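Subject: Structure handover

Hello,

Here is the structure you asked about. My notes follow below it.

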Amino acid sequence: MAEETVLGHLEHNQEIPDSGVFSQEKGINHDELVNVIKSLNGFGLVIAADIKREKWLLSDEAQSYVKYGSAEVLIFEAVPAEGTAKAKLQDIVKSKLPADLDDNTKSLIYDKGWAQAMKNKWIGLADSQVSQKVEHVEDRVKDLLIQIQNGEAVGAKDIDALKRRRLISLQIWKGYSVKKGPNYAPKRRKAVTDLVRDHLQRDEWKDIEFKEYNFLAKGQPTEGGCLHPLYKVKLQIQMIFLQMGFEEMPTNNYVESSFWNFDALFQPQQHPARDSHDTFFLKVPSTTNSLPEEYVERVKTVHESGGYGSRGYGYDWKREEANKNLLRTHTTAVSTRMLYALAQGPFTPKRYYSIDRVFRNEAVDRTHLAEFHQIEGLICDRGLSLGHLRGVLEDFFSRIGMSKLKFKPAYNPYTEPSMEIFSYHEGLKKWVEIGNSGMFRPEMLRPMGLPEDVQVIAWGLSLERPTMILYGIDNIRDLFGHKVDLSLTKRNPICRLGLN
Ligand code: PHE
């Protein structure tokens, strides 16, 4: 209502010179008008300039003077022509004052009037007798107050005197003068925040006024990234390996050749793990194009006829089989590459670890996925025995929080002896299988060129198993893959590996 009045007025007039006058003319509350002007000014529909005016306000006392006359005049008029005893004057004054004034006000008027009338020498006191000293007085104070109330100009001296008597006080009045702004329109159009399909379909976009982008707005609070439980456990295990003096192996190749994944590990080509129901073979590129030829020859020989004290498998080793590309089924493929590389120089003992993804063509269930993560550690040194392997496993697993271990003889084509690792789970009150380990066979190490007295002890486990135990997750699909509830990563607690 007030907004239309302002904009409408400006359509036909240069300006609104004074919002105070305007509010009176149009019968709009001035505060309301000010709010409208500020808003219109903010959007550039109008330009508003401040107006400040000083205004004198009459005190309650002054207002009663306007109504009944000033106190000094009332006192003067109360004094009888023949004079009166001072003691009686107050009663006389009070009896003459209007009946609608209360006693306190009457006393106040008496006190103030007495002092002022004495000061003006309108009355005098002699021998406790009060008498008038002039014949006639004029009520200038009342007249001045009426002038001020009417907004008429009053001399500075008079203002000063009234101010000192606290009959008037200064009030600052604020208003505006208003002109058309750069975005002036007779009616405000609501700015559109988003361009939507309708705007385009109905060709409305050309005429729409879009809301300006507010670069200073706070915006939605951003949610910080959260670490996945698997990643947290991975970081902790990484720290344990580093504390134990292990170096990380480069595992950044998911695609591997059968040669490095199987053949170099003395895994026979008829081994069931190679069957396509266990291994993902690549269609493109289906084969590798480079292998270290001399080493390949030695691997072929060890498979076919043995050597280094072995009889081999006694079958026809086929190069085509070794060339086949696959998604690595274990990170031991990387360990193999690392050991081969190590064997090409003068021997130095090494401790290597890796934690990365592997792939197996398995039926997915509560505990199995077609891709998971392997943790792998190995130590390559002279004179290592099964005792060293047990010792390092006890050390490693106790750092994860599994200090009660059991070992069970097992079989891997590339390790002898081999041990499955079990840990007693306090919560489940049973022994759970947690990993696999062994000493790499000479049939694997010697064709690489590692010295005869060098042994390699190694172990592997999944990252998922300890993570699930730690976070109380019993379905692996709740931990990894497309069914994971994303809020899991936001809610999951810090990793407390090894605390109990
Ligand atoms: N590569 C083995 C697996 O896939 C784990 C393992 C690593 C076993 C090292 C022995 C030595 O389970």
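Is Asp203 buried, partly exposed or exposed? Asp203 is partly exposed, with a relative accessible area of 39%. Here buried means under 20% relative accessible area, exposed means over 50%, and partly exposed lies in between (1.4 Å probe, protein chains only).

First, the ground rules. This is a predicted model, in which local features need pLDDT of at least 70 and side-chain atom pairs count only at pLDDT 80 or more, while totals for chains, interfaces and linings use all residues. Residues are numbered from 1 along each chain as its sequence is written, and side-chain values use heavy atoms, with hydrogens and water left out.

Backbone points
Asp203 has a positive phi of about 60 degrees, although it is not a glycine. Asp203 sits in the loop between α10 and α11. Helices (H or I, at least four residues) and strands (E, at least two) are DSSP runs, numbered from the N terminus. Lys121 also has a positive phi, near 60 degrees, and is not glycine. Lys121 lies in the loop between α7 and β4. Lys121 is exposed, at 62% relative accessible area.

There are cis peptide bonds to check. The bond from Val284 to Pro285 is cis, with omega near -10 degrees. Pro285 is in the loop between α12 (258-261) and α13 (293-305). The bond from Glu416 to Pro417 is cis too, with omega near -5 degrees. Pro417 belongs to strand β13 (residues 415-425).

Sheet
Three strands make an open antiparallel sheet, in the order β3-β5-β4. Its edge strands are β3 (84-85) and β4 (123-126), each pairing on one side only. Two strands pair if DSSP finds at least two bridges between them. Four bridges join β4 to β5 (residues 129-132). Ile123 stands opposite Gln132 in β5. Helix α7 (residues 103-119) lies across β4 and β5, at about 95 degrees to β4. For such angles, axes are lines fitted to C-alpha atoms, for helices over the stretch in contact (heavy atoms within 4.5 Å). The angles run from 0 to 180 degrees between N-to-C directions.

Salt bridges
The structure holds 26 salt bridges. The cut-off is a side-chain nitrogen of Lys or Arg within 4 Å of a carboxyl oxygen of Asp or Glu. One of them joins Arg165 and Glu72 (2.9 Å, N to O). Arg165 lies in the loop between α9 (156-164) and β6 (168-180) and Glu72 in helix α5 (residues 71-78), so the pair ties together parts 93 residues apart in sequence. Glu72 is buried, at 2% relative accessible area.

Arg328 pairs with Asp356, with their closest N and O atoms 3.4 Å apart. Arg328 is in the loop between β9 (325-327) and α15 (332-343) and Asp356 in strand β10 (residues 350-359), so this pair links parts 28 residues apart in sequence. Both Arg328 and Asp356 are buried.

Helix α1
The buried residues of α1 (residues 2-12) are Ala2, Thr5, Val6, Leu7, His9 and Leu10. These buried residues pack against β1 (15-16), α2 (19-26), α3 (30-42), β2 (46-58) and β6.

Regards
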